[in-house]
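Trainee: Could you take me through this one and say what each label rests on?

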Amino acid sequence: MKSVRVVVVGAGVIGFSTAVCIAEALPFCSVTLLAEKLSPDTTSDGAAGILFAAQFPDIPLDRQRRWFKDSFDHLLAIAQSSHSPDAGVMLSSGCQIFKEVPATKKPFWSEFVIGFRLMTDRELKRFPDHKYGQAFTTIKCECSTYLPWLEKRFRKTGGQVEQRKVNSLQELSNGYDIIVNCSGLGSITLVGDTEVYPVRGQVLKVEAPWLQHFIRDGDGTTYIYPGIHSVTIGGTKQEGDWRLQVDDGDTKSILERCSRLEPSIGKAKVASEWVGLRPSRRNLRLEREMMQLQGRRVPVVHNYGHGAWGVTLSWGTALDALGLVRQCLHEMPLRAKL
């Protein structure tokens, strides 16, 4: 019999990864996932989902390296298995180029991707505005396919999914023994976190099957990511901007910038436009606390604020969140476990 009731709030790539990790590792827990929006309406769904990361300033680098490696290894195993097309996970090769030589020539994740090397002068010749480049093979994880695949995996363990808005953690306090908060921007209202803010991202999906390799400008605003069914091009990084409407000016700018890197983009047909709000924070929050909810002390595990790196760090941070849930269980009064 499943005796400990766990609820995960949030159905993006962080919520579902965390729910799967808990449900598969702790079969005596009954795990419910609650969210106002499910795939295909989450921020994760529109994400390009290509694995590399920037550094969070105040989190030990070893911890960030482990998150990246755990996520990469998890997704690489899927990419190299028969599940690859069903999960929407594939290998992707390409380059990241810089107008100026970056302060850090080798990013902290360079040893975990495949075949990381510096680009040759001959390779850089096609990008006359750029002086420096890195070539490597990484993973592209298409969440509009990956999230339904994770949901199926979660339900197979007996996990429950409920679509409803959670207005306050108070309303969960009587129904569950442990709350796991993966609500992204929702944490502003759910837990009053004023450090979380949106970074608006607009992308286009275009039909350009002749493009096989990704190109990313090191500043993170211009990129071309070929995927399974289309090519994602972008983008924008507009901090504090809550607009979810497509901006025609941004569309024009994206097409112009991407055409400078890859002139054939001008021949591509635009299939769709999409806007999402990245749940950003100076440092992502992954920790546990005891909260007083309706007269009960309830353990809450937080896992949110990944910004643009949700897909990249999803499995690594989910494993850490699982570790925090184990600690909560260890400290729980025996009656809750019986």
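**Labels and their cut-offs**

Mentor: Start with Tyr146, which sits in helix 6. A helix here is a DSSP run of H or I with at least four residues, a strand is a run of E with at least two, and both are numbered from the N terminus. Mind that this is a predicted model, where local features need pLDDT of at least 70 and side-chain atom pairs count only at pLDDT 80 or more, while totals for chains, interfaces and linings use all residues. Residues are numbered from 1 along each chain as its sequence is written, and side-chain values use heavy atoms, leaving out hydrogens and water.

Trainee: Why is Tyr146 called buried?

Mentor: Buried means under 20% relative accessible area, exposed means over 50%, and partly exposed is in between, with a 1.4 Å probe and protein chains only. Tyr146 has a relative accessible area of 0%, so it is buried.

Trainee: What does Tyr146 touch?

Mentor: Contact means heavy atoms within 4.5 Å. Not counting residues up to four places away in sequence, Tyr146 touches Val13, Ser17, His74, Leu75, Ile78, Ala87, Val89, Cys141 and Trp315. Tyr146 and Pro85 are 61 residues apart along the chain, with 9.4 Å between their C-alpha atoms.

Trainee: What makes Leu33 and Tyr146 stand out in the largest nonpolar core?

Mentor: Of its 71 residues, those two touch the most other members. A nonpolar core is a set of buried Ala, Val, Leu, Ile, Met, Phe, Trp, Tyr and Cys residues joined through side-chain atoms within 4.5 Å. Helix 9 (residues 310–330) gives the most to this core, with ten residues. Another core lies apart from it, with 19 residues, among them Met119, Leu211, Ile265 and Ala268.

Trainee: How do helix 3 and helix 6 cross, and what is that called?

Mentor: Their axes come within 14 Å and cross at roughly 95 degrees. Under 35 degrees is roughly parallel, over 145 roughly antiparallel, 65 to 115 roughly perpendicular and the rest oblique. At roughly 95 degrees, helix 3 is therefore roughly perpendicular to helix 6. The contact is made by His74, Leu75 and Ile78 of helix 3 and Tyr146, Trp149 and Arg153 of helix 6. As for the axes, they are lines fitted to C-alpha atoms, for helices over the stretch in contact, with angles from 0 to 180 degrees between N-to-C directions.

Trainee: What makes the Phe68 and Trp109 rings a stacked pair?

Mentor: Rings of Phe, Tyr and Trp (its six-membered ring) pair if their centres lie within 6.5 Å; planes under 30 degrees apart are stacked, over 60 edge-to-face and the rest tilted. By that rule there are 16 aromatic pairs. For Phe68 and Trp109, the centres are 6.1 Å apart and the planes at 20 degrees, so the pair is stacked. Phe68 lies in helix 3 (residues 61–79) and Trp109 in the loop between strand 3 (89–98) and strand 4 (114–118), so the pair ties together parts 41 residues apart in sequence. Both Phe68 and Trp109 are buried.

Trainee: And why are Tyr223 and Tyr225 called stacked?

Mentor: Their ring centres are 4.9 Å apart and the planes at 15 degrees, so this pair is stacked as well. Tyr223 has 7% relative accessibility, so it counts as buried; Tyr225 is buried with 4%.

Trainee: How do you know which strands strand 9 pairs with?

Mentor: Two strands pair if DSSP finds at least two bridges between them. Strand 3 and strand 9 have four bridges in the parallel sense, with Gln96 opposite Arg216. Strand 9 and strand 10 (residues 223–226) run antiparallel and are joined by two bridges. These two form a hairpin with five residues between them, and Gly220 in the turn has a positive phi of about 80 degrees.

Trainee: Which strands are at the edges of the six-strand sheet, and why?

Mentor: The open sheet has the order 6-2-1-7-15-14 with mixed pairing. Strand 6 (160–163) and strand 14 (285–293) each have a single partner strand, so one side of each is left without a neighbour in the sheet.

Trainee: Last one: is Gln294 buried, exposed or partly exposed?

Mentor: Gln294 has a relative accessible area of 48%, so it is partly exposed. Gln294 is found in the loop between strand 14 and strand 15 (296–304), and has a positive phi of about 50 degrees although it is not a glycine.
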